[in-house]
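Here's a quick tour of a structure, with an eye on how its pieces touch. Take a look at it first, then read on.

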Amino acid sequence: MNVQLLTISIGYGISILITLGLGIFVLFTNANRTTRVTFFLMAVAVAVFEISLIFGVHTADPILARKIFMFNLTDIFIVIFNAHWILSAIGKAQERKRDLGLIYGAGILLFLFFLFNPEAFIRMPRPKLYFKNYFVAGDYYILMVGFFFVVVSYFYYQLIRVYRSADDAMRNRIKYFLATLTVGYGLGSTAFFLVFDIPFDPILSMFTGFYTIPLSYGIVKYQLMDIRVAIRKAALYSILVAMVTAGIVGVSFLNTFFVRAIPGFQIWFVPLIAGTAAVIVGNLFWRKSKEADRLKYEFITIAAHKLRTPLTRIKWIADILLEKVQTEDEKRLIEDIHKADNRLVELADVLLETTKQEGDVFPHMREAIDFAPLVRAVLGEVGQEAEKKHIRIETDVQSGLPLIQADVQRIRSALRVFLDNAILYTPAGGTVNVSLVRHNAALIFSVTDTGIGISKEDLPYIFEKFFRTHRAALIDTEGSGLGLFIARSIVEKHGGAVGVESMGEGKGTRFWFSLPIAP
Amino acid sequence: MTRNILFVEDDIVLLGILERFLREAGFDVTIAKDGEAALQLLEKTVFDVVLLDILLPTIDGFEVLKRIKADPKAAATNVIILSNLASPEDFKRGKELGAVDYLVKAATTPEEILAKIKQFFKEPDIVAEHQRR
């Protein structure tokens, strides 16, 4: 078989697998439902396009090839579903319902038109370039291309519009989408030139499926790596892979050459040398990176110490002053200092935690503790704040529960996060219900409030770093969006799980977490 | 029963705050600003509790801890490490060298430190409590 045909076939094969794989993967993540489903449908449509193309070009019989090529009609749905999931991902699907309706309508009409007038779509295929058979455009094929242009321009326009008034996170995300879609459609479009007999080799179109990778990343994760960093990393990895591949191919050629040129040359010699060299070089790089790690660790340790010293002073002085001040006003001011300082410590921890590759900034110290009294103690701490807002706290803490293995300071701070949130986001006169029960081999702590609730769209992101719902941000403008993220990480490090339920905005929320019982 | 504490810390501001706080809570507090000074004091007196920072001039806290535990006279002293170093290695080392607790300064308040210290004094001293109020 022709080398180009083989290459493009393998490329398409991998591309199909990646596209379908990611389409299915995204379906099972907890991104927005509409986004997930329409993205999956788009992935299926892309896969059908790719399958029909690659099978068609291998088919010698033109009549059969034509039947296969007819599946190319699904291209119409690629752009339709693409438009739909893009709008959904940027939160405009509801708003642009009418536009979407028009797109679906036009698309379906076009599809039906071509279905009943196949000659208008594609004519009998014939061999082109190195393909056994390739598309030959019908008189109205250009309509489909025109449809693509219109729809793709439409959602590009929508993306750019939202970009203007978006926050940093959304902007970064839109950049991912725009860059990836441009590359994807750019590459994919190279398959169309040959349809119109323009002798442009469509081999590049085999990379089309790979664009689902950054797209699914952009959909699934809330906080995306900055796109420039992502591109740099991707470039580095690609170069690395290319170098290793070239190395392997080079060694193989070298070996064949020597074996042919020198009689009696041992066939294992060159691979052995190459292998040894690779191990040595790999080792050197490993040591280098460990060294870099060690220097970074030392820097972090020093930075941590330098940051924490003044923070400690503030904390201790504030704590002492709290005991000494007389008036309520003064007490409140000192408490504000305390809170600000705690937030700084929290931020410093997160900063240092994210720079470290592994391990905690503050590792856990576990002991067997009785959870119920700890819960009551924390309830005591928040009691005053609740009283100020006339919020009733109901407790349903079972007694005689088994002990858990936990780091008291950490679990206490996790409890505080949930309780503080419940009180903060529940309007005056509301109720907060706290319960602690045993369920199989774990204790489940849950706090239910009659507060501002969480919308369906926001629920999947509640525990993500820096995430804050719009309503929450209105109530507490200073909030860092880190409390629940840290609480989740604490619970999960203890082997537990967290969860949240809400019937919607204004309908209250229930947060829960489980901790395994001490063995 | 004497209630004497040795507080080893190189930051004079923190030294002053906690020393005063513990004094008002009814404890006898001796301070040392570096490892050398701490060891010298430990030779002369047996303390009930030692609050030990790690990053100290001259000799560091881990070394001081090692020497405390190596001295038969002082080996039974309760040493609480009070440091802003908080890597898993540090925690492990502290425990291995015999510290009874490891508190991270930036994450603890004087009140909490007091609570931890009180664990090592079995009889409640009502007079001292009253003095604090």
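## Salt bridges

A salt bridge here is a side-chain nitrogen of Lys or Arg within 4 Å of a carboxyl oxygen of Asp or Glu. Keep in mind that this is a predicted model. Arg123(A) sits in the loop between α6 (118–121) and β1 (126–128) of chain A, and Asp139(A) in the loop between β2 (131–134) and α7 (141–164) of chain A, so the pair ties together parts that are 16 residues apart in sequence.

Over all chains, the count comes to 25 salt bridges.

## Where the chains meet

Two salt bridges turn up across the interface of chain B and chain A. There's also a pair made by Arg313(A) and Asp11(B), whose closest N and O atoms are 2.9 Å apart.

What about the interface as a whole? Chain B puts 30 residues into the contact and chain A puts in 23. About 2,400 Å² is buried between the two chains, and carbon and sulfur atoms give 66% of that.

## A helix pair in chain A

Now for some packing: helix α14 (residues 408–424) and helix α16 (residues 483–493), both of chain A, have axes that come within 9 Å and cross at roughly 140 degrees. Angles over 145 would count as roughly antiparallel, so α14(A) and α16(A) are oblique to each other. Their crossing is left-handed.

On the α14(A) side, the residues in contact include Ile411(A), Val417(A) and Phe418(A); on the α16(A) side, they include Leu484(A) and Ile490(A). By class, this contact has seven nonpolar, three polar and one charged residues.

Methods. Residues numbered from 1 in each chain as written. Chains lettered and ligands numbered in written order. Predicted model: local features only at pLDDT ≥ 70, side-chain atom pairs only at ≥ 80, totals over all residues. Heavy atoms only, no water. Axes fitted to C-alpha atoms, helices over the stretch in contact; angles between N-to-C directions. Helix = DSSP H or I, 4+ residues; strand = E, 2+ residues; numbered from the N terminus. Parallel < 35°, antiparallel > 145°, perpendicular 65-115°, else oblique. Left-handed = near helix turned anticlockwise from the far one by under 90°. Contact = heavy atoms within 4.5 Å. Nonpolar A, V, L, I, M, F, W, Y, C, P; charged D, E, K, R; others polar. Buried area = accessible area lost by both parts, 1.4 Å probe.
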